[in-house]
Amino acid sequence: MANLKKQWICEHYYNPAQLNLRDADHLFGIPRLCGYEWNHISSGFAIDCSKRGARQRALFKYTISGAGELTVNGKTSRIEAGTAFLLAGQLNENSCSYRIAPGADHWEFLFLSFDKPGAISIAKSILRENGGNIFHPEHALGDAWHLFEIFKTGEIQDKYAVSSLGYDFFMHLAGDAATGGNDLLHRVEAYCFQHLGEQVTVEDLANYCGYSRWHFAKAFHQIAGMPPSKFIMEQKLTSALHILQHEALTVKEIAGRCGFDDPGHFGRRFKQRFGVTPANFEQITGHERIKH
């Protein structure tokens, strides 16, 4: 979408009816600002919210391509394509910042900024229910683009309809978060598989998915029916079983490939799960591809 020789592309559109809405708190669904940006790594794009003043606002930022990085109160999350973050309140008090993510050559994003008390209050409620700042919007994304296009035209024909669209955006964002269980499970499965040979922790998964550890553990247990620590082990053991059935590796090699430093510990866990040690597996099942 952008010429890589350029450092940035910026389209910011303020509320066309801003002068008529200073005291119209009931029209809280109309954003103060909508925008699109494409920032190359050479632009040095980075925002420290502590230096942005004391204005109360709700900020939604959705990654189109590339990647961003959000830090809130010392907790850092990567904002990949298809992912968004939401901030609400007096942002300079939240120790938050965002920038182009390490390793990414650019960050292309859409954003909405709201400043009415009603919008900020709803955004805070959504954040409490979500348990974190990271979202994977589906239905809300269409509303966000629609608002952007309205602002881009420079004219609001029906301010009540536009405020209603902004309200729908927040409700759809809340709904996307509430029904995002399958997405969360798929993301955790993918992470466990990609890091199969490592010591994956619950904290690692929480950070990757954009949750606090407590909220992640609670949300994941509700979705998967088991604690995340048990799910991590289940992924390792089922992967080990698959390797045992299809590849000619030693027990020690399989243990290392699945993130077990101690083959003995791997053997005990494997037997606990499948009722047989890895070494005895071929004798019981007839598989002969494993080397001892």
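Author: The expected span of a helix is 1.5 Å times one less than its number of residues. Take α2. Its 15 residues should span 21 Å at 1.5 Å a residue, and the C-alpha atoms at its ends are 23 Å apart, which agrees. Helices (H or I, at least four residues) and strands (E, at least two) are DSSP runs, numbered from the N terminus.

A word on the source. This is a predicted model, where local features need pLDDT of at least 70 and side-chain atom pairs count only at pLDDT 80 or more, while totals for chains, interfaces and linings use all residues. Residues are numbered from 1 along each chain as its sequence is written, and side-chain values use heavy atoms, with hydrogens and water left out.

Next, the partner. α2 covers residues 139–153 and packs against α3, residues 159–178, at about 155 degrees, with the axes 7 Å apart. That makes the two helices roughly antiparallel (under 35 degrees is roughly parallel, over 145 roughly antiparallel, 65 to 115 roughly perpendicular, the rest oblique). Axes are lines fitted to C-alpha atoms, for helices over the stretch in contact, and angles run from 0 to 180 degrees between N-to-C directions. α2 passes α3 in a left-handed crossing (the near helix is turned anticlockwise from the far one by less than a right angle; clockwise is right-handed). From α2, the contact uses His139, Ala140, Asp143, Ala144, His146, Leu147 and Ile150. From α3 come Val162, Leu165, Gly166, Asp168, Phe169, His172, Leu173 and Asp176. By class, this contact has eight nonpolar, four polar and three charged residues (Ala, Val, Leu, Ile, Met, Phe, Trp, Tyr, Cys and Pro are nonpolar; Asp, Glu, Lys and Arg charged; the others, Gly among them, polar).

Now burial. Ala140, Leu141, Asp143, Ala144, Leu147, Phe148, Ile150 and Phe151 of α2 are buried (under 20% relative accessible area; exposed is over 50%, partly exposed in between; 1.4 Å probe, protein chains only). The cover over them includes β1 (8–14), β2 (33–40), β4 (56–72), β8 and α3. Just after α2, glycine 154 takes a positive phi of about 80 degrees.

Beyond four places in sequence, serine 113 is in contact (heavy atoms within 4.5 Å) with Pro31, Arg32, Leu33, Arg57, Ala58 and Leu59.

Proline 102 sits between β7 (96–100) and β8 (106–114). With 42% relative accessibility, proline 102 counts as partly exposed. Its C-alpha atom is 7.8 Å from that of glutamate 69, 33 residues away along the chain. Apart from neighbours within four places, proline 102 contacts Glu69 and Arg78.

Alanine 104 is found in the loop between β7 and β8. Alanine 104 is buried, at 13%. Glycine 68, 36 residues away along the chain, has its C-alpha atom 7.9 Å from that of alanine 104. Setting aside neighbours within four places, the contacts of alanine 104 are Ile41, Ala67 and Arg78.
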